[in-house]
Structures are given as structure tokens and as C-alpha cells.
Amino acid sequence: MKFSAIIEARMMSRRLPGKVLKRIEGKEVLKIIIERLKLSKKLNNIVVATTTNKKDDKIVSFLKKMNISYYRGSNTSIVDRIINCAQKFNIDYACRVTADNPLTDHSIIDYMIKNFEKSKKLDFTTNNYFGSNQKRKIAYGLDINLFSIKSLKKVKKFSKKNKIFLEYPSLYYSLYYEYFNTQKKSTFNIKNINLPKNLILSKKYRLTIDSPRDLIFFKKIFNEYFKLNQTDDYIYLPKLKKLLRKKPELAKINSDIAHYNAASDLLKKQSA
């Protein structure tokens, strides 16, 4: 069972265009993520799935310089983009990574892959309680989804009824867990992975980039971290946890920014 990281990256984000190539301490966000993924012992490959939009030519040029494989596909259907990317690179199992999470962590990924391998015939695993704001324990930005491409192709079929599932690949699994799993249906075998304490940062922290203030937050976090840990070339989560506790004012920079939850939004629309 071989897993490849598929990083979703595009320049046309709504609130902060070009965020994946914004720099933090002299490095592009996408480069930071790739370097962190390369530390994984369980990932077989790293691929970036971008779009055919001309503005994403910058991402392709950047990836060529880094010698990182890429696929260019749909700008609107992320499900199609991932499936076609997987077919191009012969990927059966994917670790989904979004290019706005600079602290994506190889230790979390390796822990989750080990759990996936131990379980029999799993289709999907996550570490965020399937997008539940109430149940999740981890900070926004440390979310990881693992799934089989075979199961994602089933999601694509179901997406004909509601196209929102094409934009949010993990959403159908989340709703399946919430509503169908209790009815003993067997379309998917899914599981939430509980992380060990040393890999958990509280959900009160916002560790994702979706606005200018998020970028300011990360620039200050990286600067403060490497001033305290000058021999490190990588941000370790346990040390970051100590820093955030020592300087709570840092988290206040972006703590009031609402995190979009596609599952909650869809359920509100359906119940209205």
C-alpha cells in the first residue's frame, strides 16, 4: 500500500490571490510544505495538482525549478483534478494536502498512514472528526485526509446530484459518516484517527493561510520560532506549542477570522 501526497495548489484564491507563492522567511509557502513532506518516511511520492488557468503557469515554473512532478487539470472540479492526477502518476492511495497549510506535518502523516495500513480495507481517514467544529481537537491547518482513489471515483458518481462535492473532495465522506454510517450502509469504510498528544495543537489556533492577516501571523510565528531555535531548519510541533503558550498574543493576530466549513454550510442550506 503506497501513498503519494497530492498537493492542491492554484493562484486564484478568493481572499488572498497568489498565497501559495507568498514568502515566509525567504521561502515560498509551497516550498515550505514540500520540504516538510519530504521528511516523511511513509510517502512514496509528492505531486502538485494545479489547474490549466494561465495564472498557474507561475506555479508550474516554480515546480520545474524544484524538480517536483505536477498535473494540470480542472479549475472547478478538484475531484476530477485529483483523480486524473492519480491516473497520470499511477497513484492508488492519496494523502491530500492543501497548499495553504505551511505547517503540514510529516509526523502526523506517517502516524496516519501507519493506522491506515493496519486497518482492513479502509477507504478514507481523517484527523479532524470529519469536519466537525465541535468534535475536532486539532488546529485548523493540521488537517490531513487519506483515501483510496477507487473510493474517490465513487464520490465523483455521487457528485452528479450535488456539485459541491466536486469542489470539496472530503465533504461526501464527512456527510456519509455523519448520516449514513449509523444506518449500517457499507459504501465506504471510513475512520477518524486520534493523534497522540505530542502531535496535537489546540483547535483554538488557526494555522492556515486564507487572508493577509494569516500571512502576517505566519511571518511572525516563523520569525519568533527560529530566533528561539536557531539550529532548527524545520518547525517542530511540540516546540511550536511551547512558543504559542509563551506568547499568546501571536495567536490573537488571526484568531477572530472565521474558518469556512463546507459541511456545515451545506447542511444549513439543506435544512433551510
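Which side chain does Asp 57 meet in a salt bridge? It's Arg 72, at 2.8 Å, N to O. By salt bridge I mean a side-chain nitrogen of Lys or Arg within 4 Å of a carboxyl oxygen of Asp or Glu.

Quick housekeeping before I go on. This is a predicted model, where local features need pLDDT of at least 70 and side-chain atom pairs count only at pLDDT 80 or more, while totals for chains, interfaces and linings use all residues. Residues are numbered from 1 along each chain as its sequence is written, and side-chain values use heavy atoms, with hydrogens and water left out.

Okay, back to that pair. Asp 57 sits in helix α2 (residues 57-66) and Arg 72 in strand β5 (residues 69-73), so the contact ties together parts 15 residues apart in sequence. On accessibility, buried means under 20% relative accessible area, exposed over 50%, and partly exposed in between, using a 1.4 Å probe and protein chains only. Asp 57 is partly exposed at 36%, and Arg 72 is partly exposed too, at 25%.

Let me show you a couple of others.

Take Glu 167 and Arg 14, whose side chains meet at 3.2 Å, N to O. Glu 167 is in helix α6 (residues 164-167), and Arg 14 is in the loop between β1 (3-8) and β2 (23-24), so this one ties together parts 153 residues apart in sequence. Arg 14 is exposed at 67%, whereas Glu 167 is partly exposed at 26%.

Then there's Lys 247 with Glu 224, where the closest N and O atoms are 2.7 Å apart. Lys 247 lies in the loop between α9 (237-246) and α10 (262-271), and Glu 224 in helix α8 (residues 212-228), so here the linked parts are 23 residues apart in sequence. Glu 224 is buried at 16%; Lys 247 is partly exposed at 23%.

There's also a network: salt bridges link Arg 15, Lys 19, Asp 100 and Asp 210.

Last topic, cysteines. How many disulfides does the structure hold? It holds 0, taking a disulfide as a pair of cysteine sulfur atoms within 2.5 Å.

Methods: Helices (H or I, at least four residues) and strands (E, at least two) are DSSP runs, numbered from the N terminus.
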